[in-house]
Amino acid sequence: MEESDVTLNFGEEDDIENKNKRLKHPVAVFFHLFFRASALVAYLLCGLFSSSFITNFVVIILLLCMDFWTVKNVTGRLLVGLRWWNYVDEKGESRWVYESRKGSGSIKISAAESRIFWLSLVICQLLWVIFFFAAIFQLSFKWFMVVVVGFLMNGANLYGYVKCRVGAKKNLTSVASSFLSTQLFKSMLSSATAKATDEGSTKTPN
């Protein structure tokens, strides 16, 4: 599988209406949160409603699938102007495309919706990581399978949209390395400046 070398002009997430705090797509926001929250609640409280693991497994997986499809195909496009997908070219190779709206379009992105979109993705991923280690410590193989499915589905959307946000031409590792290098340089520069200031203040005129 290969990634597309071109980021298509689809969405402009940097073009955010910071002054407009209201939700422009309340229905999309509702379903963006509903399916993922329902999957988490079902995982935590399913034992209170049914003692059948098969029933609980099917319900949780269905909620995860609906959440994955909704986030990938609907809410990402509406809430943050991003979209990722793949296709098979003439050679039979699977290629991944990460789209981001560029240019000055008439459709603006709400800052509130963007914040809800990204926070829900990150928080849910952290929760699935916690459930992952909890299942390992409890030696619960059957629930471990459920957690892996939730971790992979939410993680796939998170990774795809981060790639859209960063850009298909940029490697995430190089971006992270560049960020860390910048922060290290700033830290060294501030330390050197502070040291020079302290030395200057300790000197007394002759």
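Tyr-43 and Trp-143 are both buried in this predicted model. Their ring centres are 5.7 Å apart and their planes stand at 85°, so the two rings form an edge-to-face pair. Tyr-43 belongs to helix H1 and Trp-143 to helix H4, so the contact ties together parts that lie 100 residues apart in sequence.

**Aromatic pairs and cluster**

- The count of aromatic pairs comes to 18.
- The Tyr-43/Trp-143 pair counts as edge-to-face because its plane angle of 85° is over the 60 degrees that this class requires.
- Helix H1 covers residues 26-49, and helix H4 covers residues 141-166.
- Tyr-43 and Trp-143 also share one aromatic cluster with Phe-53, Phe-57, Trp-128 and Phe-131.

**Charges over rings**

- Lys-72 sits over the face of Trp-84, at 4.8 Å from the ring centre.
- Lys-163 is placed over the face of Tyr-98, at 5.5 Å from the ring centre.

**Cysteines**

- The count of disulfides comes to 0.
- A disulfide would need a pair of cysteine sulfur atoms within 2.5 Å.
- Cys-65 has a relative accessible area of 32% and is therefore partly exposed.
- Cys-124 has a relative accessible area of 7% and is therefore buried, since the limit for burial is 20%.

Technical notes. Residues are numbered from 1 along each chain as its sequence is written. This is a predicted model: local features need pLDDT of at least 70, side-chain atom pairs count only at pLDDT 80 or more; totals for chains, interfaces and linings use all residues. Side-chain values use heavy atoms; hydrogens and water are left out. Buried means under 20% relative accessible area, exposed over 50%, partly exposed in between (1.4 Å probe, protein chains only). Rings of Phe, Tyr and Trp (its six-membered ring) pair if their centres lie within 6.5 Å; planes under 30 degrees apart count as stacked, over 60 as edge-to-face and the rest as tilted. Helices (H or I, at least four residues) and strands (E, at least two) are DSSP runs, numbered from the N terminus. A charge sits over a ring if NZ of Lys or CZ of Arg is within 6 Å of the ring centre and within 35 degrees of the ring normal.
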